[in-house]
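Here is a chain to read from its sequence and its coordinates. The questions below go through it piece by piece.

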Amino acid sequence: MNKKSLTETDIRTKFITPAIISSNWDLMTQIREEAFFTAGRVIVRGKTVRRGIAKKADYLLDYKPNLPLAVVEAKDNNHSVGDGMQQALEYAETLDIPFAYSSNGDAFLEHDRTAAGGTVTREIPLDQFPSPEELWTRYCTAKGLTPEQIAIATQDYYNDGSGKIPRYFQSTAINRTVEAIARGQNRILLVMATGTGKTYTAFQIIWRLWKAKKKKRILFLVDRNILADQTKINDFKPFGTAMTKITNRNVDKSFEIYLSLYQAVSGTEEEQNIYKQFSPDFFDLVVVDECHRGSAAEDAAWRKILEYFSSATQIGLTATPKETKDVSNIDYFGEPIYTYSLKQGIDDGFLAPYKVIRIGLDKDLDGWRPEDGQLDKFGNEIEDREYNDRDFDRNLVLEKRTEVVAAKITEFLKATDRFAKTIIFCENIDHAERMRQALVNANSDLAAANSKYVMRITGDNEEGKAQLDNFIDPEKSYPVIACTSRLMTTGVDAQTCKLIVLDRRINSMTEFKQIIGRGTRINEDYGKLFFTIMDFKRATSLFADPDFDGDPVVIYEPGPTDPPIPPEEEPGTTTTGEDPGTYGPTPDPGGTIVDPPPPGVTRYYVNNVPVTVATERVQYLDSNGKLITESLKDYSRKTVREEFASLDEFLTVWNDAERKQVILEELASKGVFFDELADQVGREYDAFDLICHVAFDQPPLTRQERAQNVKKRDVFAKYGDNARAVLDALLQKYADTGITSVESLEILKVDPLTAFGTPIEIVSFFGGKSAYLVAIHELETALYADAA
């Protein structure tokens, strides 16, 4: 057997897999071949949405399920043994795997990532690949784990039998945490972006420690009632009767797993601090969800709960660690044991990217000053000063402004999907109620058909809060639009939310990340792969903050008369106040729930001042999430020329390619979307001509022109009548739809090719499949001969 003639797949099948199995690795439970570990970044260009290339390892070797020990990258035998090592190391670092291997079928090259000195890299004969026990022993020795610690670190994950396994970053967070606690670490911080499954991760950590009897009584603290309820009925359900939720300030000490709101066990009065009914050593594990709020501040009531149970191991979970002069997660919990950021989640394709539409209203940008002695709608004389967007909907209400915002939201939904779940973040409860009314009027047809089409979901409104579960449920159509203030900033797992509207000043990066997180979940079953942020308050200027780590795919600022839908191409340019706080609701004389302004401040309501749209803008981002200011054509030109330095290089690769579709798919994965280019250059052009024209300034020929040129040259004279008729039909198909359809054998199953017979009969006209494929290649060569 000539190894040099074998493909990489053959090398794996004939040499690498048998070598691994012969070292006592179980093919069914320990070896994962061609293991995908990312989903492929979602790339958005205009109306086109597609996934980039997902990452996969040739082999992942597990000591036990979800305990990966080694990654192996294979190459064909024309490569050296170590040619796959750099890729193997990249994957090993991403997946937190201690051993990396490369092989070409002759031997293995090993890289030991646990080695602190001595031999790090060595070559191993093909028949001496290390066994699972050998690698596990080497890992445990390097980590200094005792037999008792090893027993905890190898405790099984919970398995519900459905085949669901943790994503790689969840496993890393779980394994690092369990191992750290086994070694005696008592303060642990996990930073995971919203939408990456923090609660599921916490469940697996608690389950494994509980089953290993390392931790026997566990307290899981949250700050929203809906979070506790969702946790109990979903991720934590397997705990069954061992679990309880603390309610009505009643304590029952007969359970092992306790779920609780911070507020349910603490308060400003000593008798409200019912957590003290537990002895300080009652819990041996406390898990704090969303630990960036309250628990990070040294003088916060929530922090006192943690200090009371200071003998317990404490794990902090957050998407946004808080680090300010006065508040710090890291001071309390220490440096994060693992971080999985929003940017990583978007890059991996597990979180949804987003477009941004920035809309500037004239009064927000220019300010407004009342006329001398001007009264508001209730007869109050308006204080004479300059009002700006810090005042609007807080100290001063311009009712026409609310109507314009509602009209823009409605215009966007009508142009996209009027039943797309939408969250509108308002300054306060009064603003949320006025926004609800304005949207009902702007969508009177749908609001009349179902009163729940638009709802206010705020902390003071029981009817709205009762509909929160329906808003979250992808299978429930209503409510569609939720007007809120702060209730929905966290803990709302709205998988199908496609539009987030910011009509509130946001200057806290922590709060901004939480709000963005309402839309980052992907649900492909319901067509949710990306979402849109409509920003009326310039809150998205926080994208430029170095603390922000997830870039938008488009930023669009429409002009006064432009639609609020990002166009397919717009050059565009790139381009913040205290946290508003929340005031308790009280009814006004008319019965409407309003938020009173701070003491000593009057809120004015003005209903006769016109408000108009002043600005809108667009910018595309590349497939890596970096902002690009050039047009789609300029971006495509730059991307193609990064792949092909010259026209000659492109033509050589194009003409040598067995399937042109492979080249087009590779360019598409980098953000060159041919449908959008065709819309701008002309839909009558082939992808080949789009590339040559946009990237290399060549005059394009239409598909019809190319097909006619081939017919003029009579290049198929050597074929029989039937074969020539088939090639003529294929040439017409090319003229109609392009080269990719001609390359596929599936084309023989559609009209007009079916008139010539079955696919088998058609290829027989050429003398068989191989001869048919040769004829197709000749057809392609003839089509692009003018450019060669």
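**Helices on a sheet**

Q: Which strands does helix H5 lie across, and at about what angle does H5 run to S9?
A: Helix H5 covers residues 168-182. Helices (H or I, at least four residues) and strands (E, at least two) are DSSP runs, numbered from the N terminus. Axes are lines fitted to C-alpha atoms, for helices over the stretch in contact (heavy atoms within 4.5 Å), and angles run from 0 to 180 degrees between N-to-C directions. H5 lies across strand S9 (187-192), S14 and S15, and its angle to S9 is about 175 degrees.

Q: What kind of model is this, and how are residues numbered?
A: This is a predicted model, in which local features need pLDDT of at least 70, side-chain atom pairs count only at pLDDT 80 or more, and totals for chains, interfaces and linings use all residues. Side-chain values use heavy atoms, with hydrogens and water left out, and residues are numbered from 1 along each chain as its sequence is written.

Q: In what order do the seven strands of the open sheet run?
A: Two strands pair if DSSP finds at least two bridges between them. Here the pairing is parallel. The edge strands, S11 (243-245) and S15 (338-340), each pair on one side only. The order is S11-S12-S10-S13-S14-S9-S15.

Q: How many bridges join S10 to S13?
A: S10 also pairs with S12, in the parallel sense over five bridges. In S13, Val287 is the bridge partner of Phe220. S10 and S13 run parallel, and the bridges between them number four.

Q: Which residues of S10 point the other way from Ile218, Phe220 and Val222?
A: In a regular strand the side chains alternate between the two faces of the sheet. In S10, five of its five residues are buried (under 20% relative accessible area; exposed is over 50%, partly exposed in between; 1.4 Å probe, protein chains only). Pointing the other way are Leu219 and Leu221.

Q: Why does Leu219 count as buried, and what is its relative accessible area?
A: Leu219 sits in strand S10. Its contacts include Tyr258, Phe283, Val287 and Phe309. Leu219 is buried because its relative accessible area is 4%.

Q: Why does the length of H25 agree with what it should span, and how far apart are its end C-alpha atoms?
A: H25 has 17 residues (721-737). The expected span is 1.5 Å times one less than the number of residues. So H25 should span 24 Å, which agrees with end C-alpha atoms that are 24 Å apart.

Q: Which helices do the buried residues of H25 pack against?
A: The buried residues of H25 include Val726, Leu730 and Tyr734. After H25 comes Gly738, with a positive phi near 110 degrees. The packing partners are H24 (703-713), H26 (739-743), H27 (759-764) and H28 (769-783).

Q: What share of the chain counts as buried?
A: The chain's secondary structure comes to 28 helices and 30 strands. Of its 788 residues, the buried share is 55%.

Definitions and conventions:
Lists of a residue's contacts leave out its neighbours within four places in sequence.
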